[in-house]
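Here is a short report for a reader meeting this structure for the first time. Please look over the sequence and the model before reading on.

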Amino acid sequence: MRRNGPFAIGFMALFALFMLAPIIVVLGVSVTPTGYLEFPPSGLSLRWFRAILDNPDFIDAAINSLKLGVVSATLATLVAVPAAMAIDRRRFHGREALLAFFMSPLMVPTVVLGIAFLRFLTLIGFNGTFSGLAVCHAIIVTPFVLRLVLASLSGLDRAVEKAAVALGASDWTVFRRITMPSILSGIIGGWVLAFITSFDEVTVTIFIVNPSTTTLPVRLFSHIAQTTDPLVASVSAVAILFTVAVMLLVDRIYGLDRLLIGEGAK
Amino acid sequence: MAFLELNALTKRFGPVTAVDRISFNVEQGSFVSLLGPSGCGKTTTLQMIAGFENVTSGKITLNGRDLAGVPARHRGLGIVFQSYALFMHMTTAENVSFGLEMRGVPGAERKIRVARALDLVHLSHLSDRYPRTMSGGQRQRVALARALVIEPELLLLDEPLSNLDAKLREEMQLELRRIQREAGVTTLMVTHDQAEALALSDRVVVLEKGQVQQEAAPFDVYETPHTAFVSSFIGKSNTLPATLVSGDASGSIVECAGVRLQAGATPLAAGPVQIAIRPERIEVVDDGAVLTGKVSERVFLGNQWLLTVATPVGNLLVLRRNAGRSEADIGDTVGLAFRRVDLRILASSEAAA
């Protein structure tokens, strides 16, 4: 195997540092004993982590965000998988238009989407409700799932499905036993991407939340707008640790490589 | 009544006729190859038999049963795809077991039949492996076992050996034939590889442009090709335009580029024809040469020499067995001779039968 030269290693170290720097700063700030943002921290204190418990609205917002992420990512997946199957397999009129339509939330500026959702939800009396929020998030994250599922479908040998049919499988059995397991990494990857996108969506969400349905990023945003104490850092630190814990768990149960790269890695 | 009968089978894609009134029969237990260059309609024919492609017109009968309107999943055929099409998320045993599960075969019997199928293809030791950890040849065997375990009435093979490297392909040819004989299954193979078709089949059906050119045993296809296409597609052949001067059952005379040659018997009437001779049937001789020419190219193939000799009738390929001594070199003049029966007369392509 070819070894990396000192230049390549230096470059990669720089790149890793660039990626990790914000996280390191946030973690550093979160353990400060002082009442203001400070880096590097002058001491070690869990004061601002205790402060989270004194601010239950942050915990509520975090729970809201989690629920919203799960519901909208799942909704998006339920729509995107059949849509991807149709777009990949069928040759029908308006196929391109349908694909463009599903991808359009990526093209439209989110501010515009936010205003549009606000107007629409107000019109039908769903403004500020969790279900309204979930549907809007599902619309925003559907393109991500669709892209990944389409990609894994295009990599699937159609003869595999034919082989199953020839062996006597019905269409539904072929999907359940052959197609779905083959594109599972795409579906799960898409779901995770959708969840993450929903979890840290601010621009659209800020238009359509009310205090009872507010999400964690929006809550953090409004907190910063009012005060600048290290509470935002400790909340972020908890979010980071939570993410790392989930990743470790997924890796233990399923294997991150398998999830992110596909079946081949094991 | 033959086991599998194709009757004037036709497939049109818009204005293009991919398969044009193909008719042939496959006898029970035999191994038949559908041979032709890419785009000759052989794969479309296979797809129609398998039920993956609609039939424009014509009829497919399997064991007395008309397959029209029978969906692919109810045809009960064993199919081995060119890409093997294994279920990558299942082990070897699970792959093989799938067809039995679909048929509702109970677990205990399934186990026995899977084991027997894997034994047939010599893969029992790999039953718990995933396809991605196996070689091309092993995957091929899994695909075969999966197709055979359901005890299909008909086994369809779509270019089964084309993804293997040359050495493995030869090994698998023998294996394929053994497995087919042991399973006793009627087999139809689609291939563009004439050597493969000749080696494996009881009968060969040569296709070109969607039409059957010839249907015969491998030896007959090679020795007595009916058309210039078959002659040049199967094995190497020198094919030249000529005029038939006279001919009867004992032999004939042709004129090619002003040279009169004695040729084999022909039922054709005098007029424009094509003459064909295999490179290995031309001898390099000192005396009694029919034609003389200059060697213009020479290629060493290991067991053989391939010479190109420029003669008055045109360039002729000549194949010489390597007898351990050097052959005529480029620029040498050589005398060529052949038996008159080896110079075959074919209808000129416009008038192909």
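**Chain B overall**

The model is predicted. Chain B contains eight helices and 20 strands. Its C-alpha trace spans about 75 × 50 × 35 Å along the principal axes. Of the 353 residues in chain B, 52% are buried. Take the contacts in chain B with a separation of 6 or more: residues 24 or more positions apart account for 66% of them.

Strand S1 of chain B covers residues 4–13. S1(B) pairs with S4(B) in the antiparallel sense, over five bridges. Within that pairing, Leu4(B) has Leu62(B) of S4(B) as its bridge partner.

S1(B) also pairs with strand S2 of chain B, residues 16–26. This pairing is antiparallel too, and it runs over seven bridges. Here Glu5(B) is bridged to Asn25(B) in S2(B). S1(B) and S2(B) make a hairpin, with two residues between them. Gly14(B) sits in the turn and has a positive phi of about 60°.

**Nonpolar cores**

In general, nonpolar side chains tend to be buried together in soluble globular proteins. In this model, the largest nonpolar core holds 76 residues. Which residues have the most contacts inside it? They are Leu4(B), Ile49(B), Phe87(B), Leu144(B) and Leu156(B).

Leaving aside neighbours within four places in sequence, Leu4(B) is in contact with Phe24(B), Asn25(B) and Val26(B), among others. The list also includes Ile49(B), Ile60(B), Thr61(B) and Leu62(B). Leu154(B) and Leu188(B) are in contact with Leu4(B) as well.

A second, separate core has 25 residues. Ile282(B), Val313(B), Leu316(B) and Ala328(B) are among them.

**Aromatic rings**

Over all chains, the structure holds eight aromatic pairs.

| Pair | Distance between centres | Angle between planes |
|---|---|---|
| Phe52(B) and Phe81(B) | 6.5 Å | 40° |
| Phe300(B) and Trp305(B) | 4.6 Å | 45° |

Why do Phe52(B) and Phe81(B) tie together parts that are 29 residues apart in sequence? Phe52(B) lies in the loop between helix H1 (42–50) and strand S4 (57–62) of chain B, while Phe81(B) lies in the loop between strand S6 (78–80) and helix H2 (92–102) of chain B. Phe52(B) is partly exposed, because its relative accessibility is 21% and buried means under 20%. Phe81(B) is buried, at 6% relative accessibility.

In the other pair, Phe300(B) is partly exposed, with a relative accessible area of 49%. Trp305(B) is buried, with a relative accessible area of 10%.

Trp191(A), Phe195(A) and Phe199(A) form one aromatic cluster. The charged end of Lys67(A) lies over the ring of Phe130(A), 5.4 Å from its centre. Arg219(A) lies over the face of Phe58(A), 4.8 Å from the ring centre.

**A recorded domain in chain A**

What does UniProt list for residues 62–250 of chain A? An unreviewed UniProt entry gives "domain: ABC transmembrane type-1" for that stretch. Over residues 62–250 of chain A, the chain is 80% helix and 0% strand. The end C-alpha atoms of the stretch are 21 Å apart.

Technical notes. Residues numbered from 1 in each chain as written. Chains lettered and ligands numbered in written order. Predicted model: local features only at pLDDT ≥ 70, side-chain atom pairs only at ≥ 80, totals over all residues. Heavy atoms only, no water. Core = buried A, V, L, I, M, F, W, Y, C linked by side-chain atoms within 4.5 Å. Buried < 20%, exposed > 50% of the residue type's maximum accessible area, 1.4 Å probe, protein only. Contact = heavy atoms within 4.5 Å. UniProt positions renumbered as here; feature names shortened; annotations may be inferred. Helix = DSSP H or I, 4+ residues; strand = E, 2+ residues; numbered from the N terminus. Phe/Tyr/Trp six-rings, centres within 6.5 Å; stacked < 30°, edge-to-face > 60°. Lys NZ or Arg CZ within 6 Å of the ring centre and 35° of its normal. Pairing = 2+ DSSP bridges.
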